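I set down what I looked up, topic by topic.

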Amino acid sequence: MKFFADTAEIADIKELAETGLLDGVTTNPSLIAKSGRDFMEVTKEICGLTHGPVSAEVVALDHEGMMREAEVLRKIADNVCIKVPLTFDGLKTCRKLTGDGTMVNVTLCFSANQALLAAKAGATFISPFVGRHDDNGFDGMQLISDIRLIYDNYAFATEILVASIRHPIHVLESAKIGADVATMPPAVIRSLVKHVLTDKGIEGFLADWAKTGQSI
Ligand code: E4P
């Protein structure tokens with residue numbers, strides 16, 4: 001399963017890229033606003049930190065407007081992936097852009113039928129939002145299972161990019177289901193390494209090592 005960082009914070013992306021665990025980055029207008037940076041400038045900088053896809057989201061709601069914005073965004077770097085909302089205009093834009101060889105991430109997916117439409121429109125990635133799904137009393141992971149089943153039934157090439165991940169269990173369940181990508185806040189990626197028994201084990205080994213009086 002690929003790991004994308006769901007952030008526009010350069011320091012976090014740099015640190016994660018150095019671990020070799022980072023396969024790409026996703027941003028959205030809220031994350032750009034949180035960074036306080038210029039959209040074009042920060043997106044260009046992020047594209048230089050990873051060879052993987054970097055999702056940059058359009059804000060127009062009509063097809064012509066989305067195409068206009070996509071033209072600007074895809075000139076930033078070869079690894080820009082245009083993010084469009086799951087609407088009819090978004091799907092139309094998706095078909096047009098992927099037809100030209102541009103990567104497209106169809107975002108704000110909350111149903112398996114929406115995911116089916118995105119795959120039929122040729123999306124590179126579909127982004128089902130599990131956390132927001134759970135927050136509203138739905139079962140986010142069931143949505144991922146349903147999409148996996150449907151995509152496998154018809155051998156769709158669209159990759160399932162699990163978004164709105166809130167905690168390590170979302171990551172674990174996504175991997176068990178066979179999702180292609182998980183995009184996570186940097187804090188969630190870091191939390192995956194934590195285990196109380198690992199910390200306790202290190203503590204014990206170091207205490208015993210100190211008793212030997214040796215050094216390496
Ligand atoms: C990623 O592409 C999404 O925009 C993001 O995961 C949404 O996460 P949130 O629900 O925590 O805002």
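**Entry 1: conventions.** I worked from a predicted model, in which local features need pLDDT of at least 70, side-chain atom pairs count only at pLDDT 80 or more, and totals for chains, interfaces and linings use all residues. Residues are numbered from 1 along each chain as its sequence is written, and side-chain values use heavy atoms, with hydrogens and water left out.

Entry 2: Eight strands form a closed barrel in the order 1-2-3-4-5-6-7-8, and their pairing is parallel. Helices (H or I, at least four residues) and strands (E, at least two) are DSSP runs, numbered from the N terminus. Two strands pair if DSSP finds at least two bridges between them. I noted that neighbouring strands of this sheet are turned by 30° against each other on average, with direction ignored. Axes here are lines fitted to C-alpha atoms, for helices over the stretch in contact, and angles run from 0 to 180 degrees between N-to-C directions.

I then looked at a helix on the sheet. Helix 3 (residues 39–47) packs there and touches strand 2 (24–26), strand 3 (54–57) and strand 4 (80–85). The direction of helix 3 makes about 165° with that of strand 3. Contact means heavy atoms within 4.5 Å.

Entry 3: I followed the bridges strand by strand. Strand 2 and strand 3 run parallel and are joined by two bridges, with Thr 26 opposite Ser 55. Strand 3 pairs with strand 4 over four bridges, in the parallel sense, and Glu 57 has Lys 83 as its bridge partner in strand 4. Strand 4 and strand 5 are also a parallel pair, with four bridges, and Lys 83 is partnered there by Asn 105.

**Entry 4: burial in the strands.** Is strand 3 buried or exposed on its two faces? I found both faces covered: Val 54 and Ala 56 on one side, and Ser 55 and Glu 57 on the other, are all buried. Buried means under 20% relative accessible area, exposed over 50%, and partly exposed in between (1.4 Å probe, protein chains only). In a regular strand the side chains alternate between the two faces of the sheet.

Ser 55 counts as buried because its relative accessibility is 1%. Outside its sequence neighbours up to four places away, Ser 55 touches Val 25, Thr 26, Thr 27, Cys 81, Lys 83 and Asn 105. Strand 5 (residues 104–109) has five of its six residues buried, so it is largely enclosed by the rest of the structure.

**Entry 5: Lys 83.** Lys 83 is in strand 4 and is buried, because its relative accessible area is 4%. A polar atom of its side chain lies 2.8 Å from the backbone oxygen of Thr 27. Beyond neighbours within four places in sequence, the contacts of Lys 83 include Asn 28, Ser 55, Glu 57 and Asn 105.

**Entry 6: the ligand.** Which residues are around the ligand? I listed Asp 6, Thr 26, Asn 28, Lys 83, Phe 129, Arg 132, Ala 163, Ser 164, Arg 166 and Thr 183, by the criterion of a heavy atom within 4 Å. I then checked distances to ligand oxygen atoms. An N or O atom in the side chain of Asn 28 is 2.7 Å from one. A polar side-chain atom of Ser 164 lies 2.7 Å from a ligand oxygen, and for Arg 166 the distance is 2.8 Å.

**Entry 7: nonpolar cores.** A nonpolar core is a set of buried Ala, Val, Leu, Ile, Met, Phe, Trp, Tyr and Cys residues joined through side-chain atoms within 4.5 Å. The largest has 55 residues, of which Val 106 and Ile 126 touch the most other members. Helix 8 (residues 140–153) supplies the largest share of this core, six residues. A second, separate core of five residues includes Phe 4, Cys 81, Leu 161 and Val 181.

**Entry 8: Ala 17.** Ala 17 belongs to helix 1 (residues 10–19) and counts as partly exposed because its relative accessibility is 30%. Apart from neighbours within four places in sequence, Ala 17 is in contact with Leu 22 and Leu 49.

Note on methods
Polar contact = N/O pair within 3.5 Å; in protein donor to acceptor, adjacent residues only side chain to side chain.
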